[in-house]
2 protein chains.
Amino acid sequence: MFQGKRWEFVRSKIEENIASNSLAPGEKLPNDLELAKLYGVNRHTVRYAIRALEQKGILRVEQGRGTYVVENPTPYLLSAETRLTDNLIAHGRLARRNILSSETIAADERLAKNLQLSIGDEVFSIRTLSFQDEVPIVIAHSYFPAQRVPGLLDEFSGVNSISKALKRVGVEGYTQQWVQINARMPTEEEARLLGMSTSMPVFIKENLDCVDGKPLKFGENVLCASRINFLINFAELKSR
Amino acid sequence: MFQGKRWEFVRSKIEENIASNSLAPGEKLPNDLELAKLYGVNRHTVRYAIRALEQKGILRVEQGRGTYVVENPTPYLLSAETRLTDNLIAHGRLARRNILSSETIAADERLAKNLQLSIGDEVFSIRTLSFQDEVPIVIAHSYFPAQRVPGLLDEFSGVNSISKALKRVGVEGYTQQWVQINARMPTEEEARLLGMSTSMPVFIKENLDCVDGKPLKFGENVLCASRINFLINFAELKSR
């Protein structure tokens with residue numbers, strides 16, 4: 001007979017199922033009512049156990065979709081060249097992208113500073129949501145100095161790929177100058193787009209891409225921290 | 001007259017004080033009761049406003065200590081050579097370190113894999129808590145293959161510096177092979193040690209240091225994400 005609280009019994013049962021792979025990474029759990037029936041407890045107890053496992057990073061609650069066993073996070077290798085899409089393809093995970101917005105805006109202080117522009121200069125702003133295995137993982141905001149890449153927005157709407165659109169306006173072989181990584185709690189909107197709980201963190205990754213030493217793209221990405229991690233391989237960076 | 005909810009009034013007042021620098025980064029706010037009196041509202045309203053500002057990353061609630069204006073996060077420059085202490089000193093922030101534990105343990109599967117040992121081999125384990133400006137920022141776990149650095153624990157207890165202790169056992173000039181960065185919610189113990197809320201995220205930074213291509217140290221650090229961020233400068237890495 002199990003000694004301890006009811007919710008701990010439910011938690012231990014779910015953990016056993018994950019350990020034995022009866023519940024595989026990425027798999028959806030039965031709903032709260034079914035779990036309550038299965039374990040002979042009430043729904044409140046089930047939710048308490050699930051929240052404890054969510055805090056431990058073992059389960060993931062997606063708003064309005066259900067509860068899932070967390071996959072191992074995809075490593076995102078940071079280097080001067082690698083793009084997120086390349087990373088996902090290298091890990092055999094199909095990347096899909098939805099365009100959230102694509103527009104011309106005026107540079108504010110932060111954009112002007114990062115893109116070496118004057119405040120008010122035209123900036124192309126592209127906002128997308130990317131998926132791996134149909135799970136959303138990153139909200140990407142990309143900002144380009146409009147006068148350096150004329151026609152970019154038109155090309156982008158046709159090909160839905162920033163690197164392809166850049167090629168069409170004559171830009172190839174840009175390199176990453178720097179990356180900065182923060183972590184914080186998501187806003188309601190970010191959590192909704194990423195299909196994640198507002199009680200789990202996101203990474204904020206900012207970066208600058210350059211061509212011939214000139215700023216080409218300032219990026220600000222919001223990534224679900226339970227689905228991705230960052231890897232920097234200094235041994236490899238040095239050997240180039 | 002302020003239009004809107006009472007807690008929004010309190011929030012806007014605190015934000016105004018921060019914007020005008022009447023409340024400086026790192027400064028402690030009056031307690032809830034004093035704020036309630038000051039703004040003519042009840043403590044519940046004050047707490048609601050503070051929680052909203054905590055979620056926005058503007059205030060930081062330290063368990064049992066009080067509420068503080070968040071400092072700008074210290075950038076932690078990742079490279080093959082830089083150490084956390086060097087980073088803090090470069091930013092003019094005095095680093096202090098408390099030893100939490102220092103012991104010999106047996107390698108488990110993860111340590112054996114990372115340090116290229118067999119399971120059960122002796123490993124020196126050092127756990128410290130580091131501060132910047134008297135604010136705790138990182139719980140550092142460091143693991144060393146005992147047979148490669150005999151006497152390290154004894155030396156460490158004398159100098160309270162891993163790099164100094166390594167020099168005394170004859171190890172100099174180790175380099176960082178890789179770094180991996182995750183983010184998650186802190187455990188109760190981590191939040192207590194770091195003096196932070198359990199509702200704000202931590203970074204988990206794992207890394208491997210090598211000497212002559214051999215593993216010297218596997219590190220697992222827990223960092224308060226609101227007080228630090230990571231910066232990788234690829235332009236500089238390439239020019240070496």
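Across the interface of chain A and chain B, eight residue pairs are in polar contact, both residues at pLDDT 80 or more. A polar contact is a pair of N or O atoms within 3.5 Å; within protein, one must be able to donate a hydrogen and the other to accept it, and residues adjacent in sequence count only if both atoms are side-chain atoms. The count of salt bridges between chain A and chain B is zero. A salt bridge needs a side-chain nitrogen of Lys or Arg within 4 Å of a carboxyl oxygen of Asp or Glu.

This is a predicted model: local features need pLDDT of at least 70, side-chain atom pairs count only at pLDDT 80 or more, and totals for chains, interfaces and linings use all residues. Residues are numbered from 1 along each chain as its sequence is written, chains are lettered from A and ligands numbered from 1 in the order in which they are written, and side-chain values use heavy atoms, with hydrogens and water left out.

The contact (heavy atoms within 4.5 Å) takes these residues and elements.

| Item | Value |
|---|---|
| Residues from chain A | 30 residues |
| Residues from chain B | 30 residues |
| Area buried between chain A and chain B | about 2,500 Å² |
| Part of that area from carbon and sulfur atoms | 64% |

Buried area is the accessible area (1.4 Å probe) that two parts lose on being put together, summed over both. In chain A, A:Met185, A:Ile232 and A:Phe234 lose the most area to chain B, together 24% of what that side buries.

Three elements of chain A give two or more residues to the side that touches chain B: strand 7 (175–184), strand 10 (228–233) and helix 9 (234–238). Helices (H or I, at least four residues) and strands (E, at least two) are DSSP runs, numbered from the N terminus. Strand 7 of chain A gives the most, with nine residues. That side of chain A divides into 18 nonpolar, nine polar and three charged residues. Ala, Val, Leu, Ile, Met, Phe, Trp, Tyr, Cys and Pro count as nonpolar, Asp, Glu, Lys and Arg as charged, and the others, Gly among them, as polar.

A:Leu231 has B:Gln180 as its bridge partner.

Chain A is laid on chain B by a turn of 180° and a shift of 0.0 Å along the axis, with an RMSD of 0.2 Å. The two copies are thus related as by a two-fold rotation axis. The superposition is by least squares on the C-alpha atoms of residues with pLDDT of at least 70 in both. Of the interface residues of chain A, 100% are also interface residues in chain B, so the copies meet through the same surface.

Technical notes:
Pairing = 2+ DSSP bridges.
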